[in-house]
Amino acid sequence: MRRLRTGIVLTLALVLIGTCLSGCSEKKLQTIRLNEVVHSAFYAPQYVAIEKGFFEEEGLKIELTSGWGADKSMAALISGDADIGMMGTEAAIYVYNQGKENYGVVFAQQTQRAGNFLISRKEEPDFKWTDLKGKTVIGGRPGGMPQMVFEYILKKNGLKPFEDVDIITNLQFTATAGAFVGGTGDYTIEFEPTASTIEEQNNGHVVASLGTASGMVPYTVFIASKEFIEKNPETIQKFTNAFYKGQVWVKEHTPEEIAEAIHPQFKETDIKLLTKIIKRYKEQDTWCETPMMKEESLTLLQDILESAGELDKRVPFEAIVNNEFAEKAVQQQ
């Protein structure tokens with residue numbers, strides 16, 4: 001009986017220790033409220049870092065929400081409803097030019113090309129941008145990156161937006177595909193998975209990549225407020241370290257492997273379709289290999305904003321970009 005009681009006591013002690021250790025490890029994870037501009041396979045490195053546990057390895061737990069617009073994601077960031085925002089760099093430029101004291105600072109870059117595609121009602125293997133002359137295209141929100149990049153490409157190809165090409169800009173982001181399938185316009189500009197879904201359903205054909213046509217643009221980046229970075233440099237470093245691990249993993253693995261890794265984030269998307277999307281993005285060199293932003297990329301972005309008439313004044317690179325955390329992440333890997 002004495003041995004039995006001793007055994008029971010030891011078993012209970014081990015259970016309590018195990019429970020404590022498990023609870024303690026969970027308590028050590030710092031929750032980061034990450035607001036992403038939209039939820040898309042376009043951001044595969046981020047989801048790889050989440051699904052592969054890279055953030056947990058750095059002691060972080062990601063609480064992910066979608067803003068459905070860079071303006072909304074930046075508003076969440078500046079108001080304190082989010083710790084970090086993943087959105088277009090243009091949002092940081094706009095806020096800085098407003099003269100706000102606690103503006104957004106870019107500390108890591110995720111994508112280096114636009115992630116949307118031009119879809120035609122018919123197959124056009126020899127498509128040229130000049131083919132859009134006299135046609136109607138469903139575009140994006142005025143002042144938004146998809147629309148500004150599109151206008152920039154048209155101008156590069158000698159076309160005048162709204163004169164040579166009729167562009168529909170008054171539709172909600174979620175309504176453009178439905179409008180196109182319903183018969184509106186000759187072309188539409190769509191992100192994934194919408195672009196590939198339209199193809200799979202035989203409602204259109206991808207004929208061009210805006211990412212390839214526009215060049216290396218810092219399309220989506222991670223931004224934190226100046227105040228948050230100053231108060232939480234260790235947190236920003238841990239976040240950047242985890243994200244960089246995701247970038248490396250994506251670089252070293254196939255579209256099939258990447259699709260399988262991030263599929264829990266897109267359970268409603270067929271794995272074959274997701275693989276097709278990842279392959280398309282990987283082939284156009286969508287994702288940065290490191291989190292560091294190059295000054296020439298910001299220059300191109302400001303060229304695009306200026307061309308669209310959306311830039312009051314140019315912002316110095318060092319004012320809104322801090323590569324310190326990205327550089328350390330790369331050195332530590």
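Mentor: A residue is called buried when its relative accessible area is under 20%, exposed when it is over 50%, and partly exposed in between, using a 1.4 Å probe and protein chains only. This is a predicted model, in which local features need pLDDT of at least 70 and side-chain atom pairs count only at pLDDT 80 or more, while totals for chains, interfaces and linings use all residues. Residues are numbered from 1 along each chain as its sequence is written, and side-chain values use heavy atoms, with hydrogens and water left out.

Trainee: What makes H11 mostly covered?

Mentor: Of the 20 residues of H11, 15 are buried, and across the protein 53% of the 333 residues count as buried.

Trainee: How do you know that the span of helix H11 agrees with what it should be?

Mentor: The expected span is 1.5 Å times one less than the number of residues. Helix H11 (residues 233-252) has 20 residues and should therefore span 28 Å, and its end C-alpha atoms are 29 Å apart, which agrees. Such a helix is a DSSP run of H or I with at least four residues, whereas a strand is a run of E with at least two, and both are numbered from the N terminus. The protein has 16 helices and ten strands.

Trainee: Why does aspartate 126 count as exposed?

Mentor: Aspartate 126 counts as exposed because its relative accessibility is 63%, and exposed means over 50%. Its place is in the loop between strand S5 (116-120) and strand S6 (136-138).
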